[in-house]
Amino acid sequence: QVQLVESGGGLVQAGTSLRLSCAASGSTFSNYAMGWFRRAPGKEREFVAAITWNSVGTYYSDSVKGRFTISRDNAKNTGYLQMNSLQPEDTAVYYCAAGAGPTVAMDYWGKGTLVTVSS
C-alpha cells in the first residue's frame, strides 16, 4: 500500500499562485497513477487533476484547466499541483490520491491540506 502526505496549503490572495506537494511512501510510487481532489466548505469532493505513472497523460477538470498543472517526480516519490490565478472558489481542502490508473477510482488517500484564497 501507499501512504500519502500533502503539504503546501495556506492562505493566499486571489490572483496569486501556490504549489502543493504530495509525498509518498510504502509501495513504489511510480507504479501508480496520482490525482488531486478537493472539497470546498459545504460541498462534496470533486476531481481536480490526475496524471499517469510515467507523466505521459494528464487530466483536468474544466474548472481548473489552464490554471493548474499536475506533475510528479518519481525519483523523489513526490507529486505536485501548481495552482496559478487562484480565486476564492478554489478555497478547499485538497487531497492527494493514488490508484491503478488516472481515470479509475483511487485506492489510497492523504488526509488533505487546506487552501484558502481571499478576495
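This is a predicted model: local features need pLDDT of at least 70, side-chain atom pairs count only at pLDDT 80 or more; totals for chains, interfaces and linings use all residues.
Colleague: Let's start with the overall picture. What makes the protein as compact as a globular protein of its length?

Modeller: The protein has 0 helices and 11 strands. Its radius of gyration is 13 Å, close to the 14 Å that the globule rule gives for 119 residues, so the protein is as compact as a globular protein of that length. Its C-alpha atoms fill a box of roughly 40 × 25 × 25 Å along the principal axes.

Colleague: Thanks! Now to the charges. Why is the pair R38 and E46 called a salt bridge?

Modeller: The cut-off is 4 Å between a side-chain nitrogen of Lys or Arg and a carboxyl oxygen of Asp or Glu. For R38 and E46 the N to O distance is 2.7 Å, so the pair falls within that 4 Å limit.

Colleague: And how do you know whether R38 and E46 are buried or partly exposed?

Modeller: Buried means under 20% relative accessible area. R38 has 4%, so R38 is buried.

Colleague: Which residue forms a salt bridge with R38 at 3.0 Å?

Modeller: That is D90, with 3.0 Å between the closest N and O atoms. This pair links distant parts of the chain: D90 is in the loop between β8 and β9, R38 is in strand β4, and they are 52 residues apart. Both D90 and R38 are buried.

Colleague: What joins R67 to D90?

Modeller: Another salt bridge, with the closest N and O atoms 2.8 Å apart. R67 lies in the loop between β6 and β7 and D90 in the loop between β8 and β9, so the pair ties together parts that are 23 residues apart in sequence. Salt bridges that share partners join R38, E46, R67 and D90 into one network.

Colleague: What about E6, then: why is there no salt bridge at this residue?

Modeller: The nearest side chain of opposite charge, K111, is 9.1 Å away, and a salt bridge has to be within 4 Å, so E6 has no such partner.

Colleague: What does the side chain of E6 reach instead?

Modeller: Two backbone nitrogens: that of C96 lies 2.7 Å from a polar atom of the E6 side chain, and that of G112 is reached at 2.8 Å. With a limit of 3.5 Å for a polar contact, both distances fall inside.

Technical notes:
Residues are numbered from 1 along each chain as its sequence is written. Side-chain values use heavy atoms; hydrogens and water are left out. Buried means under 20% relative accessible area, exposed over 50%, partly exposed in between (1.4 Å probe, protein chains only). Lys and Arg count as positive and Asp and Glu as negative; His and the chain ends are not counted. A polar contact is a pair of N or O atoms within 3.5 Å; within protein, one must be able to donate a hydrogen and the other to accept it, and residues adjacent in sequence count only if both atoms are side-chain atoms. Helices (H or I, at least four residues) and strands (E, at least two) are DSSP runs, numbered from the N terminus. The radius of gyration is taken over C-alpha atoms; the globule rule is 2.2 Å times the number of residues to the power 0.38.
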